[in-house]
Each structure stands twice: as structure tokens, then as C-alpha cells.
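Welcome! Please take a look at the sequence and the structure below, and then we can walk through a few of the helices together.

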Amino acid sequence: MDTTPLEGFIPRNLEQELQAILVKYSKIIEEIVNFGSNIIGHILSDQSDKDETLPLALFFRKYLENLDACSILIKESSVVPCLNLLRTAFENILSIEYILNDNSGRRCKVFLVWNAFEKEKFINKCDGKSPAYKELEAAYKNSKLLKNEKPNIIKDIEKYREKNQVLLKSDYYKDTVKEYRKLKSKTHG
């Protein structure tokens, strides 16, 4: 079987001028990512309000990771897949803007509490005994691809569970946890 790409479908050999333009744009994006990494370093080095800055740093990191992937794809003339990455990068910017429009830090706290509850769900699926694990195990049995497999059980899962509970039981997050549970009970009966 011939393994050369269909002419015009996957361009592998570009004209030198076009390749130079793509490399130039790739380097510009790479420099933006490099500069952005220094911004993250500054955000994380600021010791005041550490919890409130963490979601911003996480969203900004995801933004930079997507831009970095675009720079690599552009250099290799694989531009169309960048559209999905740019969409995700844009959504990360919107999340950052949403958080920054709240001077109280409340939205950061809400994100961290939501994330802790999501992490709790994941932990429950990896303990080997909870109803969430049993449900996942049943889903594996009903799957065509995974029917002969078992879900992973994380060794020393209780350490992860305890670490996650520190945030959820913290006085600092008490009101946010209470509000989360109240809203969750309204939406899930």
C-alpha cells in the first residue's frame, strides 16, 4: 500500500516562501506564550490571596497551552486543527474575564469549591467500594470495549480524599460550600 499523502490533501512539501511565513507566525505565537509564562510566574509568586489567584493561573495556563499547540501546528502547516484549539483558548479568556469582573474573589472561591466537589466524584470512582465505583464497574461490564476490564483503584485513595476534604471543611470556604450544596439540592432534587 502506498503511504505517500494524496497530493493537495496533506501538504508536506511547501514552497519555501510559504514555509518561511508559517515559521515566522509560529515564532510570534511562541513569544506570546513565553511572555505569558512569565505572567503566570508573577501570579503564582504573589503570596497574597493565593487561593483566589489559582483559578486565574489555571485558566491562563490552559490558554497558553492551546496557543503553544497552535504555534507547533502552524509551523508544520497544519492550520485547520488550530480552530478547535483557538475556540478553547477563547473560552479560557472568557473564564478569566468572568473571574476578573468580580473584585471580591468570590468567583474564584466558587470555582475552587466546585472543583473540589468534582474531584470528590472522581475519587469515589477510584476507591473500589463506593456506589460510584460500583456504577462505573457496571458500565465497564456493559461496554463492548471495556467489558473484560475493571476500573482502576487508586492506592492510598484515603490520602487524596482527606486532602480534598481540607478545602471543603475549611472555615474560609464554609459559606461557599453551603451555597453550593443548596443550589445542588435544588437542581438535583
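## Helix α5 and its neighbour

The buried residues of α5 pack against α4 (106-124), where contact means heavy atoms within 4.5 Å. Helices here are DSSP runs of H or I with at least four residues, numbered from the N terminus.

Which residues of helix α5 (residues 131-141) are buried? They are Tyr133, Glu137 and Tyr140. Seen down the axis of α5, these residues fall within an arc of 55°, so they line one face of the helix; the arc is that of the directions from the helix axis to the C-beta atoms. The face turned away from the buried side of α5 carries the exposed residues Pro131 and Glu135. Buried means under 20% relative accessible area, exposed over 50%, and partly exposed in between (1.4 Å probe, protein chains only).

## About the model

This is a predicted model, in which local features need pLDDT of at least 70 and side-chain atom pairs count only at pLDDT 80 or more, while totals for chains, interfaces and linings use all residues. Residues are numbered from 1 along each chain as its sequence is written, and side-chain values use heavy atoms, leaving out hydrogens and water.

## Helix α6

In α6 (residues 157-169), the buried residues are Ile157, Arg161, Asn164, Gln165, Leu167 and Leu168. Viewed down the axis of α6, they fall within an arc of 150°, so they line one face of the helix. Their cover includes α4 and α7 (174-187). On the face of α6 turned away from the buried side sit exposed residues, among them Lys159, Glu162 and Val166.

Methods
Helix = DSSP H or I, 4+ residues; strand = E, 2+ residues; numbered from the N terminus. Expected span 1.5 Å × (residues − 1).
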